[in-house]
Amino acid sequence: MNNKFDVIVVGSGITGGWAAKEFCEKGFKTLVVERGRNLEHPSSEYTDMQAPWNIENRNKVSEVYDEEGRYAAVSGYGYFKNATKQFFADDKEFPYSYPKERPFKWVRGYQLGGRSITWGRQSLRWGKKDFEANAKDGHGVPWPIGYDDLAPWYDYVESFVGVSANKDGLAVLPDGVFQKPWELSAAEQVISDNLKKVFTDRHLVVGRAANITEPTEEQQALGRGQCQARSYCKRGCTFGAYFSSLSATLPAAKRTGNLTIVTDSIVTRVDYDEATGKAKGVTIIDAKTKEKREYQARVVFLCASALGSVQILLNSKSKSFPNGIANSSGAVGHYIMDHFTGVLANAEVPGLDDKFAYGRRPIATYIPNYRHDKTDDADFVRGFGYQATAQHRTDTGTAAKREGIGAAVKDLSKQPGPWRFRTLMYGEMLPYFDNYASLHPTKKDKWGIPLLHIDAQIRDNERKMIKQASIDIQAILKAGGCTDIKLNETPENEHIKIGDRIHEMGGACMGEDPKVSVLNKWAQAHDVPNLFVTDGACMSSCATQNPSLTYMAITVRSVDYAAKLLRKNII
Amino acid sequence: MPETPNNPGHSESEKNTASGSVGNVSFIMLLGAGLISIRRRYIKYYSGKFNVFCKRHNRWEIIYMLDNKITRRVFLGTTLCVVTAPLFATLLNEQNNLQKVLMDGQFFNAAELTLLTDVAEIMIPKTDTPGATDAHVIPVLDGLMLTWAGVKSKRQFRFIVAQINDLAKSTYGSVYNKLAFDDRFLLIEQLDKTAFANKKSVLSTHYRRLKEMVFHIYYTSEEANPDFILIPGGYRGSLSKQELDTIQARGYL
């Protein structure tokens with residue numbers, strides 16, 4: 001096999017797929033290197049066509065995994081079921097490290113398509129204030145780009161992805177190129193309407209889903225169909241109705257004839273050419289045979305996930321970069337962030353006993369951040385929003401975990417209950433230099449690669465946000481017309497695992513100043529001009545919105561720039 | 001001379017049996033090709049019906065499906081779930097209204113399966129909707145003990161059967177399977193109350209585990225989810241009951 005390409009893309013997840021598509025469509029011979037196994041689309045590993053009684057073990061994950069200490073990071077979480085377990089990496093096989101007193105949760109998907117198979121599909125633009133926050137309050141490294149730099153690329157990405165959303169006209173959550181939105185439930189509509197009567201800054205809107213409701217010709221040409229409201233997305237979608245690398249970008253790249261994919265290939269390092277001052281390619285270890293191979297290219301795009309890319313950068317040591325490639329600033333691995341929660345609340349929405357819902361909407365609702373600007377009642381900077389839902393009314397449940405057997409108990413089970421609105425705070429974690437990832441000094445995985453050690457925690461600012469979010473959500477629920485409010489606030493002395501929201505970001509942040517940042521405004525390494533990092537590692541702050549759409553926009557913008565440099569033979 | 005499991009065949013007496021003399025012999029499920037071969041000494045398929053060798057009567061007897069509407073989908077689904085699914089035949093003990101399972105399962109023995117089948121049906125009886133037996137809860141549980149349960153669960157589930165028997169003996173002086181239905185019902189009803197009133201006892205822990213699994217299997221069964229629609233086709237969030245029922249009946253938005 002030829003080992004020379006125009007471009008090497010490391011990782012095939014949500015950004016790797018985009019980089020591959022864009023480079024291939026621009027005529028560049030592109031190699032995608034994926035550490036996990038190959039998957040086709042639709043895949044025999046998809047389980048979306050199985051009814052509950054058809055799912056192996058009635059969707060219960062084998063207890064043997066717990067006994068063997070496998071999948072510890074994801075065990076017990078709602079998304080890790082028998083129908084989805086194949087799309088999650090086993091941390092016993094792929095270990096990482098963290099301080100005992102500060103567990104970190106690193107959820108990974110090692111297969112072609114990566115975590116784009118299981119992502120939440122909430123596709124939210126960042127607003128102007130989100131990009132201005134670091135410069136404004138002095139935390140982290142100021143962003144070298146603003147909303148206007150990304151806006152056309154958001155448009156471009158949304159058009160291809162297919163985002164079903166409402167144009168809400170909110171500056172904090174800019175509108176984009178949308179397909180028909182999902183509708184609010186009766187209960188959600190009541191709350192949304194009531195909030196408008198009380199607040200000017202707090203809004204309940206339907207989520208913006210990468211699930212297509214009006215397939216375009218382009219989407220249909222790729223074999224993608226309309227979302228059928230099954231909400232089994234994390235099992236893979238036979239219809240290709242939600243956006244993933246497998247259903248959308250990789251097929252688009254393949255049809256150009258410019259794409260080569262190698263799977264089961266773990267990139268251990270980016271190879272650096274001391275003579276040219278550029279990256280010359282990557283070294284991989286075959287995951288099965290442990291054989292080493294090298295691939296060469298004019299440009300390397302790291303799209304291996306935030307922490308995956310950080311691990312590769314740190315492990316790419318050379319004479320010029322003894323602490324990892326592109327790390328003259330010493331910032332590689334630092335400013336690790338994630339969204340965090342600490343407040344869950346739910347409340348009854350009364351007066352809707354004659355209303356019902358049908359189907360399974362594949363997205364929740366959203367209350368965007370309304371606290372960008374410090375107000376009198378806030379003793380913290382940045383802000384928070386809430387992911388929320390009341391898409392169906394509740395039911396009376398069963399007696400599985402409470403007293404009661406027999407016919408009478410059975411007849412009272414699973415009967416329609418009241419509408420209840422559930423909310424989950426999503427806070428913006430500040431970019432702390434001291435939240436960092438490093439290579440473990442002694443521990444290695446079975447391929448001989450040093451484990452990534454991640455030490456990150458929320459601090460005072462985030463704890464203060466939790467307190468305020470707790471107060472605010474009660475006011476929001478009351479204003480929304482809710483009753484019987486139930487609140488769960490994480491105690492101050494309880495560690496909140498970073499990584500729990502699966503939005504880990506940072507580690508190779510963008511910035512104007514090469515002394516304090518790793519990447520420039522094109523997500524191009526300050527130190528190595530043909531090395532780009534466009535996954536979550538490049539983020540300089542984390543805002544409160546789900547970040548994948550922004551990663552995608554940054555990626556296509558960077559590809560466009562890199563392609564111009566390639567054509568001009570600058571890199 | 002009647003045929004035996006070692007000499008399968010069909011005799012005149014079998015035909016007499018087919019006329020209905022053993023109508024209270026029932027066949028729970030599951031149909032797994034692998035197990036059929038394992039169990040073929042005891043079960044055979046003849047003239048469109050399953051037959052079981054009854055040791056008590058020393059003859060082959062026809063077994064009837066408890067659930068007449070086992071569909072191809074259920075069949076495929078359950079075989080996916082438990083590749084070597086067990087064939088459970090039961091014989092109704094008319095004296096105490098107990099369905100006696102006639103043979104061992106993959107994990108539980110026949111006596112254990114008899115007790116569990118009865119307990120599950122007491123927990124979730126057949127009413128105007130299917131009960132635990134209709135939903136094949138215990139055959140599925142028996143399979144899950146091999147494909148899902150860890151060492152601890154295997155121990156717990158076996159132990160709870162013994163504990164219920166001990167409870168029956170200490171309360172009524174007899175093993176569970178020999179008790180009258182009313183006594184069995186009262187025993188499980190009281191156990192349920194006690195288990196949730198005092199969650200710290202070992203008995204409570206084991207019982208609640210069993211109950212949770214019985215309910216999980218039942219409420220994930222096709223029988224318990226007649227309105228389930230795999231492909232809804234869309235979402236509507238504000239429907240009247242009549243509008244909802246119309247869509248449900250249509251099976252698609």
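Modeller: In what follows, helices (H or I, at least four residues) and strands (E, at least two) are DSSP runs numbered from the N terminus. The model itself is predicted.

Biologist: Is A:Asn57 buried or exposed?

Modeller: A:Asn57 is found in the loop between S2 and H2 of chain A, and although it is not a glycine, its phi is positive, at about 60 degrees. Most residues other than glycine have a negative phi. Because the cut-off for burial is under 20% relative accessible area, and A:Asn57 has 2% relative accessibility, A:Asn57 counts as buried.

Biologist: Which strands are the edges of the six-stranded open sheet in chain A?

Modeller: The sheet is open and antiparallel, and its strands follow the order S5-S12-S13-S14-S10-S17 in chain A. Within it, strand S10 (residues 343-349) and strand S14 (residues 419-427) of chain A run antiparallel and are joined by six bridges, with A:Ala345 having A:Thr423 in S14(A) as its bridge partner. An edge strand pairs on one side only, and in this sheet of chain A the edges are strand S5 (205-206) and S17.

Biologist: How much area do chain A and chain B bury between them?

Modeller: The contact brings together 52 residues of chain A and 62 residues of chain B. Three residues, A:Trp53, A:Arg58 and A:Tyr358, supply 22% of the area that chain A buries against chain B, more than any other three residues. Carbon and sulfur atoms carry 59% of the total, which is about 4700 Å².

Biologist: Which residue of chain B forms a salt bridge with A:Lys401?

Modeller: Two salt bridges are counted between chain A and chain B, and the interface also shows 30 residue pairs in polar contact, both residues being at pLDDT 80 or more. On the side of chain A that touches chain B, the residues divide into 21 nonpolar, 13 polar and 18 charged. For A:Lys401, the closest N and O atoms of the bridge are 3.7 Å apart, and the partner is B:Glu212.

Biologist: Which residue of chain B stands opposite A:Tyr358?

Modeller: Among the elements that each supply at least two residues to the side of chain A touching chain B is strand S11 (356-358). S11(A) pairs in the antiparallel sense with strand S7 (residues 236-239) of chain B, over two bridges. Within that pairing, the residue of S7(B) opposite A:Tyr358 is B:Arg236.

Definitions and conventions: Residues numbered from 1 in each chain as written. Chains lettered and ligands numbered in written order. Predicted model: local features only at pLDDT ≥ 70, side-chain atom pairs only at ≥ 80, totals over all residues. Heavy atoms only, no water. Contact = heavy atoms within 4.5 Å. Buried area = accessible area lost by both parts, 1.4 Å probe. Salt bridge = Lys/Arg side-chain N within 4 Å of Asp/Glu carboxyl O. Polar contact = N/O pair within 3.5 Å; in protein donor to acceptor, adjacent residues only side chain to side chain. Nonpolar A, V, L, I, M, F, W, Y, C, P; charged D, E, K, R; others polar. Pairing = 2+ DSSP bridges. Buried < 20%, exposed > 50% of the residue type's maximum accessible area, 1.4 Å probe, protein only.
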